[in-house]
Amino acid sequence: MRRQCVRQSPAPAVQVAGRLYRGSAMLATSVLLDSGVEHIRGGFYNPAMVTPVLTSLLTLASNLHGHVDRHGRRHGARHAVFALTVATGAAGTAFHIYNILKKPGGLRWQNLFYSGPLGAPSAITLSGLFGLLAERVRDTPADTMPRIFGINAGRVLSAVTALSLLGTSGEAGLLHFRGSFQNPAMYLPVTMPPAAAALMTGAALGKSRKSHWFTPLWLVLTGAMGIAGTGFHIYGVSRAMGGWRNWRQTMFDGPPIPAPPSFTGIALAGLAALALLRAHPEDGEATWA
Amino acid sequence: MREYRLDDEVDFLIIGTGAGGGTLAGKLAEHGFSVIALDAGLYFRPLEDFASDETEQEKLYWLDRRVCDGADPLQMGGKNSGKAVGGSMVHFAMVSLRFRPEWFKSRSLLGYGADWPLDWREMWHYYRQAELALSISGPVSYPWGPKRPRYPYRAHEVNSAGRLLAKGAEALGMQWTETPLATVSAPRGKSPPCVYRGFCRFGCSTNAKQSTLNTWIPRAIAAGAEIRDLAMAGRIEVNDAGRATGVRFHRNGAWHFQRARNVVVSGYAIETPRLLLNSATPRHPHGLANSSGLVGKYLMTQSNQAVFGRMDDEVRWYKGPPSLTITEHWNYQDNKDFFGGYCWMAQGPLPIEWAFIQTGARGLWGEALRRDMMNYNHQVGLKMVGEVLPDTRNHVTLDDERDQYGLRIPRITFSWGENDKILIDHAIGQMTLSMQAIGAREIFAQREDANHLAGTARMGFSPETSVVNADCRSWDIANLWVCDGSVFPTTGGVNPSLTIQAIALRTADRIKAMAQHGEL
C-alpha cells in the first residue's frame with residue numbers, strides 16, 4: 001500500500017504539514033509550561049488538572065514524529081492523539097466555565113479574572129486542531145489540492161487561524177484588562193493579532209492568486225510579538241515583590257511567561273495556510289513556494 | 001528635599017501630613033506655593049521599617065496621653081489616629097469609598113444632621129482625582145449611586161471571607177461588590193502588586209498600599225515642599241492684626257518658631273481642635289477660630305460593630321486585604337426607621353486582634369480562649385462602618401493634665417445617641433441574617449467598637465454655625481485653615497479617607513484660584 005518511497009526532499013504537502021506541526025508544537029509547548037505552572041499553583045486541586053500536561057506532552061511527541069515522518073499520508077496514532085487533544089481542550093474549557101459559574105456572582109468580571117482562565121484551554125484545542133489539519137494536508141497526493149470538507153485546505157486553515165488569533169487576543173485582552181494595561185506594551189497583543197486576523201480572513205475569502213506580501217510579514221511580526229511577550233512577562237515577574245530573587249512566588253503570581261508564544265504558534269499555522277494558498281491557486285497551476 | 005529656614009515666611013505651613021495635610025501639601029506645592037508640612041511622627045520607609053508584627057506596628061498610632069470619658073468612651077489608637085509622616089493613611093485599611101451624594105445635603109434631603117456647603121458633583125470630580133492619584137483597585141462598575149468612572153486598577157481577587165459576604169448578600173437579595181481599595185492589583189511605579197499577606201491595617205512592607213506616604217508626600221517633595229518630621233506643633237501664633245504669623249513647634253528637644261503666611265491645621269478630629277484650643281490668646285480666649293464656640297464640638301466616630309461566626313470549612317480570613325467585599329445596601333436604602341446609613345465589609349482580623357475580640361466581646365479567657373483560638377482558620381465575620389449623628393454632647397476639650405511636650409492634653413467625651421443605637425441594632429440584625437444564610441455556627445456580635453473620627457471643626461454656611469467655610473478657611477482668621485476630617489458636618493456610612501482627600505484637593509484648587517484673584 002505504500003504510495004511512495006522516502007525521497008531526497010519531502011513532498012510539498014508534507015512541507016506545509018511540517019509548518020503546521022511546528023505551529024502546533026509551539027502551542028503545545030506553551031500549554032505544557034503554562035498549564036504546568038498554573039496547575040502547580042492550583043496544587044492539582046482537581047485530579048483532572050493533570051490532563052493538559054499529559055495531553056500537551058503527547059501532542060508534542062506526535063508533532064515531533066510528524067515532523068521527521070516524510071511519508072505523504074496521515075498516521076493513525078498521531079491522528080488519534082490530535083483528536084484526543086482537541087477533546088481535552090474542549091473539556092478544559094467546560095471545566096473552566098464551571099469553575100467560573102460556581103463562584104458567587106457567577107459570570108462577572110471578578111470570576112472571569114481570577115478563575116480558571118476561560119480562553120486558556122482553547123490553546124490546547126488549537127494545538128490538536130492544527131495537528132489534525134496537518135494530517136489531513138499531508139494525506140493528499142502531490143498534484144492535487146488538499147481539501148477539508150471539500151473546501152480548499154488553505155482557505156480553511158486561514159479561517160481557523162483568523163479565529164484562533166481573535167480568541168487568543170481576547171484571552172490576552174481579558175488578562176491585560178485585569179492588569180489595567182499598566183504597561184503600554186500590554187496593548188500590543190490586543191491590537192496586532194486582530195489585525196492579523198483581518199488579513200487572514202481576507203486570505204480565506206479573497207482571490208487565491210492575489211499575491212500579498214503584507215500578510216505574511218504581519219504574521220511574522222505577530223509571531224515575533226509572541227516571543228517578545230515572553231520577554232515582557234519575564235520583566236513583569238521582576239516587578240513583583242522580591243522580583244526574580246523570589247521566583248518561587250513571583251513566577252507563579254506574575255504574568256505567565258509561557259503564554260505569549262501561543263501567538264507565535266498560531267502565526268506559524270497562518271504562514272502554513274498562506275503557503276498552501278500559494279501552492280494551490282484554485283484558478284491556476286500550482287506554484288509551490 | 002528643599003529645606004526652609006525658620007525665618008523664611010513660607011506660603012503655607014501645614015500641620016499634619018495625613019489624608020488632609022499630605023494631600024494638600026502635594027497639591028499646593030504643585031500649584032507653585034512654598035510649603036512646609038510638619039508631622040509629629042517619624043518618616044518611615046515601607047520596605048525597611050514595617051515589620052509583619054501586630055505589636056511592633058503600634059509605633060504608627062498616636063498613643064500619647066488623653067482622657068476619654070462620656071457614657072461610651074472612645075478607645076484611641078490604630079482605628080482613629082496615626083503618628084507618622086502620611087498620617088493614619090500609613091496604616092489605614094485602604095478602603096476608598098465615595099459618599100452617597102445625598103449625604104452632602106443630609107439635612108435638607110434626608111432630614112438629619114447638617115448640610116455641607118459643598119456640591120456632590122464637584123466632589124465627584126475631586127473623588128476621581130484622588131482615585132487616580134492612589135490608583136484605586138476597584139470593581140469595573142459600582143452598583144450603588146450615580147455612575148462613576150471605572151476605577152484605575154482592577155479589583156483584587158476576593159478571598160473566601162469576601163466570597164462568604166457575597167453569598168450572604170445574595171441570599172438576602174442585596175447587591176455586593178469588590179471594595180475599592182488603595183492597594184495596587186498590578187505594578188505601579190515603585191509599588192509591586194499586592195501579595196495578599198494580610199498585614200494591611202499596618203504599614204505595608206510590600207509597598208503595594210497607596211497612601212499619602214508613597215503618593216502625595218513624594219509629589220510634594222518633588223514639587224519643592226519640605227516635610228519636617230518629628231515636629232510637634234504646640235501653638236499657632238496670631239498677631240494684633242488678627243492674622244496667624246506662624247507656628248511654635250517642638251523638634252530635637254527644643255521649641256522653635258516657623259514663620260508662615262498661611263497656617264493649615266490638619267491634625268484630625270482630636271489634635272486639630274486641641275491645637276486650636278491650646279493656641280488661645282487674650283484676644284481669642286476660647287481658642288483660635290472659635291467665635292462660634294464650635295471648635296471641638298460635634299465629635300463623631302463611626303459605629304464599627306461586627307458579627308462573627310464559624311464555618312465548617314476552612315476560611316483563612318487573614319489572607320489578603322481584610323475588606324475585599326462590601327455591601328452598601330443600607331447606605332442607599334431609605335426604607336428604615338432611623339437616620340443615617342451603614343455598609344458592611346468582609347473581615348480578616350489577625351490573631352492578636354482576634355484574641356482581643358474573643359476576650360472583649362465574648363469574655364473568653366484561659367483554657368476556653370485557647371481552645372477557641374484554635375478555630376481561627378474557620379472564623380468568618382462581617383463588620384459595619386455606620387454613620388453616627390453629630391451631637392453637641394460629644395466633644396473635645398482641654399484637660400488640665402499636660403503631655404511630654406508640656407501641652408494640655410485633650411479630653412474626649414463621647415456617648416452613642418439614641419439614633420446611633422437603633423442603627424447599630426439594625427446592622428447587627430442584618431449582619432446576623434447574612435451569617436445565618438451562609439451556614440455559620442456559634443454566631444456572636446461584637447457590640448462595642450468604633451473607628452474613624454470626624455467633626456470638631458465643622459464646615460458650614462455661616463460664622464455662627466461653623467468653624468470654617470466651604471474652602472476650609474476659618475471664618476475668624478483669614479489665613480488660618482483647617483483641612484482634614486474634622487471639617488465634616490456629618491460623617492456618612494463609609495470610611496472617610498477618600499472624602500478627606502477630595503476636600504483637600506478642592507481646597508488646593510480654591511486656594512490657587514483665590515491667590516490668582518488676590519483673595520488670600
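**Note on the predicted two-chain model**

1. Helix packing in chain B. Glu122(B), Met123(B), Tyr126(B), Tyr127(B), Gln129(B) and Ala130(B) of α4(B) meet Leu498(B), Gln501(B), Ala502(B), Leu505(B) and Arg506(B) of α12(B). Contact requires C-beta atoms, placed from the backbone, within 7 Å. By class, this contact has seven nonpolar, two polar and two charged residues. Nonpolar covers Ala, Val, Leu, Ile, Met, Phe, Trp, Tyr, Cys and Pro; charged covers Asp, Glu, Lys and Arg; the others, Gly among them, are polar.

2. Basis. This is a predicted model: local features need pLDDT of at least 70, side-chain atom pairs count only at pLDDT 80 or more, and totals for chains, interfaces and linings use all residues. Residues are numbered from 1 along each chain as its sequence is written, with chains lettered from A and ligands numbered from 1 in the order written. Helices (H or I, at least four residues) and strands (E, at least two) are DSSP runs, numbered from the N terminus.

3. Geometry of that pair. The axes of α4(B), residues 120–133, and α12(B), residues 497–516, come within 8 Å and cross at roughly 105 degrees. Axes are lines fitted to C-alpha atoms, for helices over the stretch in contact; angles run from 0 to 180 degrees between N-to-C directions. α4(B) and α12(B) are therefore roughly perpendicular (65 to 115 degrees; under 35 is roughly parallel, over 145 roughly antiparallel, the rest oblique).

4. Strands in chain B. Strand β8(B), residues 232–238, runs antiparallel to β9(B), residues 244–251, with six bridges. Pairing needs at least two DSSP bridges. Ile236(B) stands opposite Val247(B). Five residues separate the strands of this hairpin, and Gly242(B) in the turn has a positive phi of about 80 degrees.

5. Next hairpin. β9(B) also pairs antiparallel with β10(B), residues 254–265, through six bridges. His250(B) has Trp255(B) as its bridge partner. Two residues lie between these strands; Asn252(B) in the turn has a positive phi of about 50 degrees.

6. Interface. 19 residues of chain B contact 15 of chain A. On the chain B side, β5(B) (153–154) and α5(B) (160–171) each give two or more residues. α5(B) gives the largest share, four residues. That side divides into 11 nonpolar, one polar and seven charged residues.

7. Helix α2(A). Why does the span agree with expectation? At 1.5 Å a residue, the 18 residues (51–68) should span 26 Å, and the end C-alpha atoms are 26 Å apart. The expected span is 1.5 Å times one less than the number of residues. What covers the buried residues of α2(A) includes α1(A), α3(A) and α5(A).

Methods
Two residues are in contact if their C-beta atoms, placed from the backbone, lie within 7 Å.
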